[in-house]
Amino acid sequence: MSTQEEQVPAGEPSSEPRRRKKRSGDPAAVPEGDRPYKRIHIPEFCLPAIAYLKRDLGFVNDLQIIPWLLEQIRFPPCETPASGNFVPRPMSPPGGGGSSAGQRLSVRVTVVQASTVVFDTPSTLVKAEQLINLAASKGSQLIVFPEAFVGGYPRFLFSDDSGTKEVPFGDDDRLKYRASAVDLSGPEVERLSQMAAKYQVNMVMGVVERSGTNLYSTVIFWDSQGKLQGSHRKSTILHSESPLWSPGETPSTLPLYATSSAGRIGGLISSDNRLPLLRSMLYERGIQIYCAPTADATKVWKASMTHIAVEGSCFVLSANQFCRQSDYHRYCVEEEEEEKDDAVVSPGGSVIVSPRGEIMEGPRYHGEYVLSTDLGMYVIIHFGNYLNDH
């Protein structure tokens with residue numbers, strides 16, 4: 001840190017001897033125009049984060065953003081500026097402690113890997129609140145649930161992992177499955193909104209939506225105030241899903257939402273993530289956290305998530321259910337095969353990937369898990385600049 005002196009142009013003698021300005025212990029005692037400048041050394045790896053903040057806070061130049069950063073060291077940061085733009089919370093350094101200059105900007109996220117309670121939506125909502133409470137207790141600001149977590153993924157149509165042996169699915173079963181679905185304006189979705197507000201978390205969840213005579217695989221987004229920001233219906237329906245689900249519209253409700261505590265979040269459901277044009281639309285709109293609820297537990301799925309993270313220079317959060325045959329007992333297990341009741345029908349494979357393509361958490365198989373980690377948001381700008389330079 002040093003004072004900055006006015007320079008005399010070369011070749012022109014100074015009419016007065018140069019005098020070093022005296023530094024005062026009280027800045028208020030020095031007239032504003034005569035206050036010395038402060039020279040601050042900023043590490044190179046901080047520059048992308050500063051550029052990111054300057055853009056989202058609406059500052060014009062570095063002379064505005066640097067004083068703002070210095071102010072955050074002394075006072076708690078404001079999470080929701082008047083502009084509504086994203087200001088991420090600072091992450092406490094290892095070992096705890098309060099605010100410090102060494103903090104980095106981050107968002108704590110959680111991916112839930114758990115099974116729905118088949119044909120019992122009230123019990124599923126109770127389980128959802130327990131998981132939300134657990135994630136919130138870890139400081140999570142964003143929680144992502146699997147595809148069709150409320151309503152259930154129709155795995156009970158098949159009795160083996162190959163998906164070729166169909167189980168009889170009568171009218172009574174169809175009515176039960178339809179009754180497990182939810183209306184976007186119904187009490188179940190309202191209760192989920194209340195959970196998001198109660199625990200002050202942004203939330204992404206896959207549900208089976210009931211609309212008219214159709215059922216859809218839908219993803220719903222809530223902000224940390226419990227407001228339903230929007231929803232999107234899966235457009236590519238697999239053969240195994242077509243007996244029950246209808247395809248949704250593609251671009252009209254493509255989800256991307258600015259949040260006050262988790263940046264710009266969006267994403268697609270399961271097989272929709274294999275549509276390059278839809279992904280490109282999210283990339284162009286500046287997605288930062290890409291959420292991918294799914295029912296795909298294959299090894300190829302992890303490779304797809306890694307590719308999307310690098311392709312879009314964004315974090316990817318993929319959530320899948322972990323299910324045993326006992327979760328679908330009546331539909332997956334015949335009476336003479338009850339000894340196979342604990343066989344796994346969906347091993348999970350939930351994963352969190354960084355923009356560099358690095359696996360931050362997961363993939364986890366053969367169990368219910370709550371995966372939590374901190375996302376350093378500066379990595380998005382840093383890695384994007386690296387790709388542009390190479």
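Modeller: The model is predicted, so local features require pLDDT of at least 70 and side-chain atom pairs pLDDT 80 or more, whereas totals for chains, interfaces and linings use all residues. Residues are numbered from 1 along each chain as its sequence is written, and side-chain values use heavy atoms, with hydrogens and water left out.

Biologist: Why is the pair of Phe119 and Tyr177 called edge-to-face?

Modeller: Rings of Phe, Tyr and Trp (its six-membered ring) pair if their centres lie within 6.5 Å; planes under 30 degrees apart are stacked, over 60 edge-to-face, and the rest tilted. The centres of Phe119 and Tyr177 are 6.4 Å apart and their planes stand at 65°, so the pair is edge-to-face. The structure holds four aromatic pairs.

Biologist: What makes Tyr177 buried or exposed?

Modeller: Buried means under 20% relative accessible area, exposed over 50%, and partly exposed in between (1.4 Å probe, protein chains only). Tyr177 has 0% relative accessibility and therefore counts as buried. Phe119, at 24%, counts as partly exposed.

Biologist: Which parts of the chain does the pair of Tyr153 and Trp245 tie together?

Modeller: Tyr153 lies in the loop between strand S3 (142–144) and H4, and Trp245 in the loop between strand S6 (228–233) and strand S7 (256–259), so the pair ties together parts 92 residues apart in sequence. Helices (H or I, at least four residues) and strands (E, at least two) are DSSP runs, numbered from the N terminus. The pair is edge-to-face, at 5.4 Å centre to centre and 80° between the planes. Tyr153 is buried at 9%, and Trp245 is buried at 3%.

Biologist: How do you know that S5 and S6 pair?

Modeller: Two strands pair if DSSP finds at least two bridges between them. Five bridges join strand S5 (residues 214–222) to S6, and the strands run antiparallel. Ile220 stands opposite Ser231 in S6. The two strands form a hairpin with five residues between them, and Gly226 in the turn has a positive phi of about 90°.

Biologist: What makes the approach of Asn202 to Ser224 a polar contact?

Modeller: A polar contact is a pair of N or O atoms within 3.5 Å; within protein, one must be able to donate a hydrogen and the other to accept it, and residues adjacent in sequence count only if both atoms are side-chain atoms. The side chain of Asn202 reaches the backbone nitrogen of Ser224 at 3.2 Å. Asn202 lies in strand S4 (residues 202–211) and, at 1% relative accessibility, counts as buried.
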